[in-house]
Amino acid sequence: MNAVIIAVVQVVLFVFLAPVLIGVIRQVRATIEGRAGVGIWQPWRDVRKLLAKNPVRATDSSWMLRAGPVALVVSSLLLCVLLPLVGTIPFALVPSDLFVIVSVMLIGVVALALVGLDGGTAFGGMGSSRHMTVAALVEPTLLLSIYAFSIPAGTSTLSVIVETRLLSPEVIISPVSVLALVALSIAIMAETARLPIDNPGTHLEVTMLHEAMILEASGRDLAWLEVGSWLKLAALLGLVGNLAVPWGVLTDFSALGLAVGVVSITVKVLVLGVVLSVGEIFLAKVRLFQVPELLAGSFALAFLAVTASYLVA
Amino acid sequence: MSGIGAGLLLQLGLGALAVLTALTAAPSLRSRAVGILCTLIAVIGFLTGLGAMLGATGGLRISIALPIDPLLLAPDRLGGLFMLIVSSVGILVSLYSMSSTHGPDASRTAWVAMPVFLVGMQLVPAATDSVSFLLALEIMTLGSTVLLLADHASRATVASAGIWYSAMSQLSFFFILAGFAVLAAASGGTSFTNLQEIEPVPANVAFVLLLLGFGGKAELVPLHVWVPRVLPEAPSHVSAAMSGAMVKIGVYGGLLVSVRLLPDGPAWWGIAIMVVGGASALYGILQASVSSDLKVLLAYSTTENMGLVFLALGASMLLRGYDAQAAADAALVAALLLAVSHAAFKSTLFLGAGAIIHATGERNLDRLGGLGARMPVTAAAFGIASLGAAAIPITSGFVAEWMLLQSLIHGGRLDGAVVSVAASVAMPLAVAVIALTAGLALLTFVKAYGIAFLARPRSTEAAEAHEVPPLMQLSLVLGALFVLALGLLPGPIAALVAQTVSSNPSAAVQSVGLGGVSLPGIGAVLDPLMLVVLSVLVAIPVIVSIIVSALRYPHRTVELPWGGGGSRARPRMQYTATSYAEPLVRVFDDVLKPSRDVQVTHVAESRYLVERVRVEQRVSDVFETRLYRPVLNLFQRYGIVVRHIANGSIHRYLSYSFVALLIVLIVVSL
């Protein structure tokens with residue numbers, strides 16, 4: 001029952017938080033670049049505007065254009081249900097197993113790639129192809145960093161991993177954990193199409209990954225695609241936040257603890273959003289064919305983390 | 001006579017009847033009549049296998065005049081499981097072939113070979129001595145070779161595929177024969193039950209020989225070279241049976257060796273199998289991901305899947321050697337689940353490819369597109385099977401891969417202590433290999449499904465496609481349902497499968513919740529049905545809001561919403577399978593060694609204007625060009641030399657026999 005309450009709270013919180021996070025990221029960037037910016041509520045206004053439009057669809061597009069956005073949103077919402085964001089009380093039969101979480105995330109990745117192909121244009125195919133290539137190459141880093149996190153806790157269940165780090169904070173600053181966290185962060189940047197892998201602020205054809213896939217979508221199709229991607233970013237930043245700074249997360253159910261959990265995860269996500277935004281100012285997008293090198297580097301970090309935790313610890 | 005024995009005898013009888021029917025039936029009736037008999041054979045095999053898997057004993061004993069142990073067909077639980085796998089694929093394929101075969105595929109020869117192939121595949125896992133095992137293996141190979149050659153008159157590539165297949169399958173057969181011979185010499189009998197206590201040296205020799213032999217049957221690198229030639233050239237229902245069922249015989253052989261015949265091998269056996277499996281998985285999926293030919297793609301992906309099965313098997317052997325029993329058991333069950341799920345999704349995928357060929361005559365993805373609207377049932381079945389192949393939840397492939405990953409991450413440690421340096425390097429590497437394989441498989445099947453079924457048709461054949469006949473649809477739907485059922489109810493299935501290899505199955509795998517699976521030894525739980533319930537719950541508000549919004553703001557349909565600028569965007573300008581994989585070809589340039597040919601034709605007046613650009617890209621199999629070609633060239637040169645000795649003159653041959661006779665007489669008299 002407690003697990004259900006936490007899941008509901010997480011979903012509702014992140015549905016409200018995700019657009020705000022995007023607004024914060026854009027506003028911070030605008031402020032630092034010396035622009036006025038549009039304020040942190042603009043993503044909300046965008047979604048409202050898109051939902052009240054008649055979507056335009058091509059004659060050749062199939063049901064995938066309708067189902068793909070739903071699949072993406074559902075996969076992102078499932079992430080919000082399964083990840084220990086506000087609290088670490090998991091469902092008994094579907095614990096927050098990291099391998100399952102990655103697979104749920106992949107449903108969204110596949111849905112987005114198929115939407116990109118469904119438009120039947122060169123741009124959509126290009127975005128889809130690049131997106132899947134990056135997703136394929138990021139997979140080893142992702143799973144190996146999960147492996148590294150699972151070793152101190154003895155399980156790949158995320159709520160147990162977070163609790164272990166809460167109980168023995170020395171794990172967090174151990175070199176193994178730092179390596180794994182860096183590797184995981186690079187993987188998440190790639191998965192959520194942020195700099196330096198993709199440039200979220202551009203519509204320039206040679207640099208696009210994510211944007212190219214959603215060019216043909218409009219109205220509510222586009223709105224759900226955007227919301228799904230934002231939710232994914234917010235949930236994964238929440239995961240990084242709870243792995244790096246586990247304090248504040250709810251472990252024993254209480255109303256006060258729930259409130260603390262909600263506030264702390266909100267603060268963590270927004271602070272990480274600001275850090276991300278500031279960091280992105282200093283980064284340029286790397287060439288598409290240098291992305292594998294970056295990912296190979298993060299893979300090396302993750303591999304080092306796993307073997308070190310066996311051979312050193 | 002026991003039920004198992006009766007089932008086997010019935011299969012043999014039905015097989016003979018089917019062969020007779022194929023020989024005598026009128027061409028118009030042949031496909032239906034023999035197809036129904038083949039379905040019956042597979043159903044009987046299914047029941048027999050189920051019985052054997054649940055623990056029924058008994059079998060068929062065939063006494064022979066030779067001074068060796070009698071032939072005994074008495075499947076144990078593991079054999080029963082593989083009979084079940086093979087016959088389930090057999091049912092799908094037989095149903096499908098009744099309406100898919102026409103022309104040379106439906107010839108008398110092809111229909112005679114079909115029951116022979118099916119019965120041969122059933123008998124291999126039933127055999128409990130090496131002679132009947134080898135006999136059944138050859139019956140199976142014979143049947144499949146004839147089926148492969150069905151189309152040889154119309155396409156030259158079929159004949160070349162036939163030669164490759166015969167050569168490679170006989171090479172595998174030679175290795176298996178040699179391996180069993182070593183075992184028989186060491187143990188003094190051909191029956192599998194005698195083969196327990198073997199000295200290390202013959203055990204090592206036999207292990208290497210049998211690994212090579214069964215590795216060849218299971219399409220592992222570097223013995224996989226027949227796969228990308230044979231599976232695409234065979235009629236699609238035969239490719240489905242070969243990839244879905246026949247390849248599993250190689251897996252069965254691997255399990256037979258490592259679980260039953262030589263269970264307590266040294267650590268390097270496990271590592272050797274892991275290396276071969278990992279290399280096959282990576283190489284197979286890499287080739288599949290850059291392939292534009294749908295059936296070549298599926299063929300290479302078979303190599304990948306079998307590689308994963310052997311990786312799991314090797315990990316289980318390695319971990320058992322270090323007494324990490326729980327993880328070892330989980331890895332072994334994962335290997336079996338991978339094999340079961342591969343049988344389901346790969347036969348569906350090949351049957352789906354057959355449906356596409358039936359409807360369009362094309363298997364080149366670059367000329368397909370938009371088939372989803374034209375062939376909805378095929379699209380749905382192919383889509384579900386693709387999800388299975390890409391290991392996406394709630395399909396069978398996902399559960400199997402999840403279990404393998406769980407066993408690997410828990411394998412490095414036992415009660416908090418590191419088990420060995422080898423394991424703590426092997427496990428992360430194996431996880432990395434599986435991860436990259438899974439990522440590339442995702443790309444491969446997004447490409448296969450997205451390019452073939454979504455977007456706009458890239459050729460008139462694709463634009464004029466129509467749905468296939470009902471019987472073909474039925475077997476596609478059945479296959480897709482298998483994939484979903486295995487993925488939604490993994491608990492009971494895994495528990496059943498665990499019984500076939502583990503002495504204490506409930507310690508390895510248990511069923512929890514609504515068909516969920518739990519690994520008590522390593523404390524991991526997964527319930528796909530709960531996952532479905534959760535996703536339905538979060539999907540309801542989204543879908544309700546979409547319906548509300550669709551009623552208020554209906555969509556508009558236009559020719560091209562944006563299309564990169566409008567009218568220029570003809571279907572030819574879409575991304576094709578080749579362009580989809582282009583970034584990957586560049587990234588893995590060193591491994592794939594693609595050859596690219598770009599011809600630019602300029603306009604006569606100016607070199608700055610281009611009239612036509614022609615790009616051709618070929619990715620060849622590195623193993624074929626670097627390993628097999630040199631050997632084949634050597635043979636060819638030898639053949640040219642030998643041609644002078646054997647020039648066709650009867651006098652010369654008679655004198656050779658005379659000289660040979662003389663030499664024999666001299667040797668005997670010495």
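Let me start with one helix, α5 of chain B, residues 130-148: it has 19 residues and spans 26 Å from first C-alpha to last, close to the 27 Å expected at 1.5 Å a residue. The expected span is 1.5 Å times one less than the number of residues. Helices here are DSSP runs of H or I with at least four residues, strands are runs of E with at least two, and both are numbered from the N terminus.

Before going on, the ground rules. This is a predicted model, in which local features need pLDDT of at least 70 and side-chain atom pairs count only at pLDDT 80 or more, while totals for chains, interfaces and linings use all residues. Residues are numbered from 1 along each chain as its sequence is written, and chains are lettered from A and ligands numbered from 1 in the order in which they are written.

Back to α5(B). Its buried residues include B:Phe133, B:Leu137, B:Met140 and B:Leu147. Buried means 20 or more other C-beta atoms within 10 Å of the residue's own; exposed means 12 or fewer, partly exposed is in between, and C-beta atoms are placed from the backbone. Among the elements covering those buried residues of α5(B) are β2 (71-73), α4 (108-126) and α6 (156-187) of chain B.

Now the core. The largest nonpolar core has 355 residues, and B:Val333, B:Val431 and B:Leu442 have the most contacts inside it. Its largest share, 23 residues, comes from helix α12 of chain B, residues 325-360. A nonpolar core is a set of buried Ala, Val, Leu, Ile, Met, Phe, Trp, Tyr and Cys residues joined through C-beta atoms within 7 Å. In soluble globular proteins, nonpolar side chains tend to be buried together.

What does B:Leu442 touch, leaving out residues up to four places away in sequence? The list is A:Leu106, A:Val110, A:Met132, A:Ala135, A:Ala136 and B:Ala390. Contact means C-beta atoms, placed from the backbone, within 7 Å.

That takes us to the interface. There, 71 residues of chain A are in contact with 71 residues of chain B. On the chain A side, α5(A) gives the most, with 19 residues. That side divides into 46 nonpolar, 16 polar and 9 charged residues. Ala, Val, Leu, Ile, Met, Phe, Trp, Tyr, Cys and Pro count as nonpolar, Asp, Glu, Lys and Arg as charged, and the others, Gly among them, as polar.

The two chains also share strand pairing. β1(A) pairs with strand β8 of chain B, residues 556-558, in the parallel sense over 3 bridges. Pairing requires at least two DSSP bridges between the strands. The bridge partner of A:Arg57 in β8(B) is B:Thr557.

Last, the backbone. Most residues other than glycine have a negative phi, and most peptide bonds are trans. Which bond is cis with omega near -20 degrees? The one from B:Pro393 to B:Ile394. B:Ile394 sits in the loop between α14 (376-389) and α15 (396-409) of chain B. B:Ala391 lies in the loop between α14 and α15 of chain B too, with a positive phi of about 60 degrees. B:Ala391 is buried, because 28 other C-beta atoms lie within 10 Å.

Another cis peptide bond joins B:Val221 and B:Pro222, with omega about 0 degrees. B:Pro222 is in the loop between α7 (200-217) and α8 (227-233) of chain B.

In chain A, A:Ala193 has a positive phi, near 55 degrees. A:Ala193 counts as buried because it has 23 C-beta neighbours inside 10 Å.

Definitions and conventions
Two residues are in contact if their C-beta atoms, placed from the backbone, lie within 7 Å.
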